[in-house]
Amino acid sequence: MPVPTLPADVTEARSHLLQVWLVGLILVLATYFVADAQSLRPGRVLGALGIEGVHLPFNSAKPPETADSARSEPGVAGDPSRAGIPLPGKDAGEMSNASPRQPVRPPEAATESSFAARSDQPASAPDLPERAGVLRPIEGGQHLGAFFRSLDRSSTELTRVLHYGDSTLAGDGIAKTVRSRLKQRFGDGGAGFFVAGMDARWMRRDDLRIGRDGEWEVHTILFGGNQGRYGLGGVSARPRGLGVVHAVANRKGGTLGRRIEVYTNLARSESPMRLQINGQTIDGMQRNRLERFEHWSINPDEDVTSIKLSVLESGLEVYGIVSEFAQGLTWETTAVVGIASGSLRQFNGEHLAAQTRMRDPHLIVLMLGGNETTHGGLASADGRIYRESYLNALSMLRRGAPGAACLVMAPLDQAFQAEDGRVRSKPVMSKMVQVQRDAANEAGCAFWDSWSFMGGNGAFSRWLAQGMAWTDLVHLTEKGLTRVGDAFADALLAEYEHWRGVSAPHRSGPNR
Amino acid sequence: MISSNSLLLLPLLAALLMSLRQQNLRLLLIALAGVAVVVLEGLADALIIAGVLTLCLLGTHLLVRLRPGSRAGLAALIVLEVAPLIIYKLLRSGLVEWLASIDPVLIVGAGLPAETDWLPPLGLSVITFQAVSYTVDRWRNQLPAHGGVHYLIYMGFFPHLAAGPILRASDFMAQILKPCTARAEDVREGLWRIFCGLTKKLLIADVIARAGVNPVFSDPGAFSTAEISIALIAYTLQIFLDFSGYTDVVIGSARLMGIRMPENFDRPYHATSIAEYWRRWHMSLSAWVSQYVYRPLGGNRVTAWKLYRNVMISIILLAVWHGLTPNFLLYGLLHGCAVCLNRWLLRSPEWVRWTGSRPMIASAGGWILTFAFVVIARILFRTPDLASAQEFGLYWLTAEQAGLPRFGLAFWGCLLAALAVTFAPVRANHAIHAWWMRGSSIMQGTLIAGVLITAAALSDGQALHFIYRQF
């Protein structure tokens with residue numbers, strides 16, 4: 001068919017349009033090539049690349065409030081919507097063609113570390129572990145006495161657990177499983193502490209639907225600032241102008257607790273905020289003005305299913321909200337995407353300790369390492385500098401609760417795509433796990449080796465092949481995280497039963 | 001579901017299609033693009049849309065062939081065409097929850113999820129209105145039969161699927177049947193409308209919503225009367241800028257392909273009466289209701305009481321299209337009464353004489369009363385139920401909070417911009433428009449990209465949906 005000749009006017013029109021789009025496209029694309037321009041990328045407002053309603057994994061990129069790429073993993077996308085998809089049924093050999101992105105390359109050659117020999121799990125574990133029985137017991141379970149004693153009294157008292165971590169934890173995949181399993185056994189203590197005012201996509205809670213209205217200025221321990229005042233969750237949020245936070249139980253008929261607490265900075269006015277519970281405005285919150293922050297509390301007459309907190313005072317910082325019952329167990333996720341052990345130095349130690357003291361946890365769990373495979377402290381033969389960094393992190397978290405039990409969870413396996421196209425575990429993993437184990441031992445903390453549970457060296461490719469890991473080669477899928485959470489819960493419960501068996505005389509002793 | 005904001009990328013698709021020289025190929029791809037946009041929303045939704053389209057095409061064909069002039073046949077077909085939309089509106093208004101409260105077993109047995117928001121499939125509203133328009137025009141012999149591709153383009157013209165403007169088949173078909181080629185003026189005009197639309201939606205409406213409107217409507221009791229008043233005005237501006245911004249992008253995208261679409265707004269907040277407001281707001285829907293409801297009922301050429309009846313039916317229909325809820329019913333009743341009052345006053349010679357002798361006072365007073373009425377009625381539009389509307393109203397009038405409004409700088413800046421865009425004099429608009437039309441491609445490309453980048457910088461990372469997408 002002959003192609004008609006176009007009038008000059010039409011040709012000019014097309015040329016003009018092409019030029020406009022080209023100029024626009026170049027400028028827009030520039031924001032995707034400049035690492036520090038993440039907050040300028042139009043995809044944030046267009047939602048064009050994001051398919052809603054699909055659970056996407058968290059990665060070690062920055063939250064949207066600020067832009068700083070210095071500490072993000074190379075090759076891991078900053079936009080959650082760019083996260084990869086699992087490739088079930090593919091074995092590691094096929095990965096070179098199937099993987100849609102350039103995976104992370106390790107800084108060192110893919111050779112077996114001397115630390116690998118010290119791992120309990122053989123490096124070539126052929127099958128994934130099954131849930132039946134305890135496949136990876138807790139090490140140093142004697143350090144969990146304070147936690148177990150509290151669990152023993154959970155029918156009349158509340159047991160509180162603070163679980164710190166990075167993106168692996170921020171999606172709540174592991175914590176929700178442990179929370180659910182332990183609550184089944186020891187009773188539902190409510191939602192516990194949760195961060196308020198942050199974009200909830202960056203710190204999820206399976207049992208809560210948290211939202212916010214208004215513009216919020218958010219500071220996290222990832223980027224520093226705010227003079228180290230972040231509160232228990234490592235996040236402080238201050239509305240620019242007007243701000244409302246709301247939280248509701250995520251399941252029909254679910255309740256959040258019967259006691260509400262709010263952690264804020266020192267307020268200037270008498271009524272810096274307005275609290276609504278189950279749609280009713282609540283007056284008469286008890287105000288506890290401490291040296292470094294304020295603690296507000298109230299015991300409503302009914303079970304709480306929804307909370308709405310309106311910040312009335314300009315500049316008021318909200319650190320978090322607590323909703324709990326008087327007994328049972330709370331498992332509180334306090335994770336910040338992208339952090340490493342060094343990030344905890346951003347905390348003002350006194351400020352955190354004061355809030356931890358107020359929260360009075362019975363167990364503090366720390367799970368870091370997802371953003372530390374290139375940690376300079378791991379370069380030395382003994383990993384001494386990394387161990388010190390990790391010990392400092394533990395010390396920072398425990399400062400306000402010296403009597404609380406402590407547990408370190410090893411990082412999950414991470415991989416890279418080797419030159420032959422195969423997916424291999426990062427060789428540094430075994431060393432990092434061992435250093436964390438040593439640090440836990442030195443700090444008097446129990447240790448659970450999640451890395452070895454996964455299968456140790458080479459595990460990631462097997463989990464990837466079974467649809468339990470994402471193709472970013474860093475994160476596990478929901479299925480994988482649930483598997484880890486279940487195994488951890490199994491280990492904790494088994495250790496508790498063991499403690500009950502051998503420590504019967506202590507069970508009536510003091511709580512701490 | 002795709003974010004409705006990603007529909008702002010439709011101009012890119014329009015530009016690609018514009019570059020095709022073959023008219024038939026271009027028309028085919030325009031039709032397929034509409035199909036793709038609907039299918040991307042979800043296969044189940046696409047099947048519903050396909051059902052309505054097939055019913056309309058075959059039903060109309062059979063009606064015209066077998067029972068020409070049959071009013072019963074026409075009525076039956078229209079009922080079938082609007083049924084899916086009405087069902088979605090009922091479901092969205094809480095029918096499932098209501099039934100579940102009466103008999104949970106019934107809901108479980110029917111396999112209906114109790115906690116779904118029942119958002120209608122993308123394009124269902126627009127396609128339903130156009131289906132009725134197509135059927136009635138064919139039945140009236142005002143429209144000849146068209147081929148499947150032309151029918152598909154008319155029904156599923158991709159830029160306008162989310163929220164119109166609603167097209168009349170006779171106007172639109174005439175354009176696509178002749179070679180439609182965009183000329184230089186069309187491209188510059190199209191880009192201008194796209195730039196305006198992106199600015200209104202992303203730079204102004206979304207910021208106002210995030211920084212002021214949403215917090216106040218979320219918990220009105222926490223704010224002062226002044227803050228609630230400002231937020232209410234801000235919401236009134238936001239909904240206009242959101243909807244007209246989307247419409248600008250749609251009209252601009254179509255213009256890039258050489259197709260002129262009807263305008264949907266004519267500076268509605270300049271209206272000096274409620275009747276005038278409805279002639280300026282969502283004009284394509286108002287025209288549709290006028291054409292297919294108001295006039296068949298007798299229009300103006302009836303007795304006074306029948307006129308008021310016709311007005312009330314039309315306005316209430318316009319209102320409950322947004323949702324079959326008491327809020328929208330009351331919203332329609334209030335607006336209907338206001339239009340009737342307006343008509344009644346115009347029938348009074350004394351009133352006409354009085355306003356005619358004091359045009360300035362009448363005009364200013366009319367504008368103040370109209371704008372205030374529109375703003376206050378928006379409470380019913382924004383709140384989910386009557387109890388919330390009542391609560392909002394009470395807080396507004398009896399707020400305990402006092403002091404200066406505590407909105408942030410971004411809110412104030414965007415509110416001022418919203419006022420400027422909404423109430424700018426025609427002469428100023430023309431001057432800026434003329435400047436754009438003379439501008440170079442580099443300037444235009446930079447400004448369009450600048451809007452997107454600035455909007456991202458002002459955003460908290462969450463795309464706010466088009467308000468009218470949900471209807």
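Predicted model: local features only at pLDDT ≥ 70, side-chain atom pairs only at ≥ 80, totals over all residues.

Colleague: How many helices and strands does chain B have?

Modeller: Chain B has 21 helices and zero strands.

Colleague: And what share of its contacts with a separation of 6 or more comes from residues 24 or more positions apart?

Modeller: In chain B, that share is 77%.

Colleague: Let's switch to the core. How many residues are in the largest nonpolar core?

Modeller: The largest nonpolar core has 262 residues. Leu366(A), Leu407(A), Phe488(A) and Ile208(B) have the most contacts inside it.

Colleague: Which helix gives the most to this core?

Modeller: Helix H10 of chain B, residues 184-218. H10 of chain B puts in 18 residues.

Colleague: Back to Phe488(A). What is it in contact with, leaving aside neighbours within four places in sequence?

Modeller: Phe488(A) is in contact with Ile174(A) and Val178(A), and also with Met409(A), Trp448(A) and Ser450(A).

Colleague: Now helix packing. How do H1 and H11 of chain B sit against each other?

Modeller: H1 covers residues 10-18 of chain B and H11 covers residues 225-256 of chain B. Their axes come within 8 Å and cross at roughly 10 degrees. Angles under 35 degrees count as roughly parallel, so H1(B) is roughly parallel to H11(B).

Colleague: Is that crossing left-handed or right-handed?

Modeller: The crossing of H1(B) and H11(B) is right-handed.

Colleague: Which residues meet there?

Modeller: From H1(B), Leu10(B), Pro11(B), Ala14(B), Ala15(B) and Met18(B). They meet Val249(B), Gly252(B), Ser253(B) and Leu256(B) in H11(B). By class, the contact of H1(B) with H11(B) has seven nonpolar residues, two polar and no charged.

Colleague: What about H2 and H8 of chain B, at what angle do they pack?

Modeller: Helix H2 (residues 23-41) and helix H8 (residues 148-155) of chain B pack at about 50 degrees, with axes 9 Å apart. That angle makes H2(B) oblique to H8(B). H2(B) passes H8(B) in a left-handed crossing.

Colleague: And who makes that contact?

Modeller: On the H2(B) side, Leu27(B), Leu28(B), Ile30(B), Ala31(B) and Gly34(B). On the H8(B) side, Val149(B), Leu152(B) and Ile153(B).

Notes
Residues numbered from 1 in each chain as written. Chains lettered and ligands numbered in written order. Core = buried A, V, L, I, M, F, W, Y, C linked by C-beta atoms within 7 Å. Buried ≥ 20, exposed ≤ 12 C-beta atoms within 10 Å, placed from the backbone. Helix = DSSP H or I, 4+ residues; strand = E, 2+ residues; numbered from the N terminus. Contact = placed C-beta atoms within 7 Å. Axes fitted to C-alpha atoms, helices over the stretch in contact; angles between N-to-C directions. Parallel < 35°, antiparallel > 145°, perpendicular 65-115°, else oblique. Left-handed = near helix turned anticlockwise from the far one by under 90°. Nonpolar A, V, L, I, M, F, W, Y, C, P; charged D, E, K, R; others polar.
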